[in-house]
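Visitor: Could you take me on a close look at the place where the ligand sits? I would like to see what surrounds it, and then how the neighbouring parts of the fold are put together.

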Amino acid sequence: MTVTTRIFNFAPGPAVLPVSVLEEAQRDLLALPGVGMSVLEISHRSKTFEAIIQECEANVRKLAGIPQDYHVLFLPGGATLQFSMAPMNLLGPGQTADYVITGSWSKKAIKEAKKVGAVNVAATIEAENFTRVPRQDELKLTPGAAYVHISTNETIHGVEFHKLPDLGAAPVVADTSSHMFSRPIDVAKYGLIYAGAQKNMGPAGVTLVIIRDDLVKKAASLPGYEKLPVMLQYGTHVTDKSLYNTPPVFAVYIMNLVMRWLINLGGLEAMEKINIRKADKVYQAIDASGGYYRGHAAKDSRSRMNVTLRMPNEELEAKFVKEATAAGLNGLKGHRSVGGLRASIYNAFPEEGIDALVQFMKEFQRKNG
Ligand code: PMP
């Protein structure tokens, strides 16, 4: 049987995209209007693609109100490459970088940084199985650190910073992959922001990097910078405006359509309101279940994008996932390292899907509780 209707896709990424974006891409796939070729077939040095990447940058800047002294880059290699590029460019000999460890992704980030230089764990919530973000008084920051790294939304554990803690004087380097543009972001508080596109911004293949100019210059002055592969130097991509080599053209094209969609929706404030409403519905269903569903994250650290929860036992969890999938609610199995269930409800996830999930949760408890 060919499935032609869309199911509700709770996948953590690549994830659901706005239907209108997919429709536009589908309509224009064979020939971009006025160009007569597919976006997949044109040169990345063509006027057409230049206009696309420039518009994408302009839209990103507009959405987040990015100050002029920041560069906006579209890079390959995923957020994972940024785990390495950030320390390679910003962590010099004799310096220390602080890392705030709130889940699997920040652990991966520090692992790569350790290969480059000295790191300090500013805080870790591992002993509590990454159920919350650290309190301000738990942060042990290094005076004069090269930077402080933070993962602002932990996709696997479902833990989100709702307010950036005071991280001192060092530049803040943030992995915002799984909640980028789900709410307003005050870019001026950061030195470097990076986010893979495949959750909230587009398809896999492009990573949005926002870096303050002084850090690009500082990187270039670090001993050993010249020896870094050219693709791993931020300066390369700043100088060549993300066109040093062939960029992921299709991913940038779709990302631009998603940025337009966000702007038309009313921007990040409007998006945040919708996301709060959607997440609240799921968490309320959890809290109203009398302990049948248990949220993994502490209330003040609950992610609006990745809702992680447990049920009374693993058999019930497996049954829930199986029956939900059959009912058109797809991708609800939690990550193997946490278990349980995870509902990833990114920007483009439709509110009808939230209502369907809440209804399904109630029904399932009634039948199996
Ligand atoms: N950081 C976070 C918070 C993520 O969720 C992910 C991907 N799930 C990554 C980093 C790694 O991203 P990529 O696969 O694009 O390298």
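This is a predicted model: local features need pLDDT of at least 70, side-chain atom pairs count only at pLDDT 80 or more; totals for chains, interfaces and linings use all residues.

Guide: Happy to! The ligand is surrounded by Gly-78, Ala-79, Thr-80 and Phe-83, along with Trp-105, Asn-153, Thr-155, Asp-175, Ser-177, Ser-178, Gln-198 and Lys-199. Sorted by class, this shell has 7 polar residues, 3 nonpolar ones and 2 charged ones. Helix 3, which covers residues 78-90, gives the most to the shell, with 4 residues.

Now for the polar side chains. In Thr-80, an N or O atom of the side chain is 2.5 Å from an oxygen atom of the ligand. Thr-155 also reaches a ligand oxygen, with a polar side-chain atom 2.4 Å from that oxygen. Asp-175 faces another kind of atom: a polar atom of its side chain lies 2.6 Å from a nitrogen of the ligand. As for how covered the ligand is, taken alone it exposes 390 Å², and the protein buries 84% of that.

Trp-105, one of the residues around the ligand, leads us to the next piece of the fold. Helix 4 spans residues 104-114, and together with strand 3 and strand 4 it makes a right-handed β-α-β unit. The two strands of this unit, strand 3 (residues 96-101) and strand 4 (residues 118-124), pair in the parallel sense over 6 bridges. To find one of these bridges on your screen, look for Thr-96, whose bridge partner in strand 4 is Ala-118.

Strand 11 runs antiparallel to strand 12 (residues 306-310), and 2 bridges join them.

Let's finish with a helix residue. Leu-357 is found in helix 10, which spans residues 351-368. With a relative accessible area of 4%, Leu-357 is buried, because the cut-off for that word is under 20%. The C-alpha atom of Leu-357 is separated by 8.3 Å from that of Ala-324, although the two residues are 33 residues apart along the chain.

Conventions. Residues are numbered from 1 along each chain as its sequence is written. Side-chain values use heavy atoms; hydrogens and water are left out. Two strands pair if DSSP finds at least two bridges between them. A crossover is right-handed if, with the strands pointing away from the viewer, the path from the first strand over the helix to the second runs clockwise. A residue is near a molecule or strand if one of its heavy atoms lies within 4 Å of it. A polar contact is a pair of N or O atoms within 3.5 Å; within protein, one must be able to donate a hydrogen and the other to accept it, and residues adjacent in sequence count only if both atoms are side-chain atoms. Accessible areas come from the Shrake-Rupley method with a 1.4 Å probe; for residues, only the protein chains shown count as cover. Ala, Val, Leu, Ile, Met, Phe, Trp, Tyr, Cys and Pro count as nonpolar, Asp, Glu, Lys and Arg as charged, and the others, Gly among them, as polar. Buried means under 20% relative accessible area, exposed over 50%, partly exposed in between (1.4 Å probe, protein chains only).
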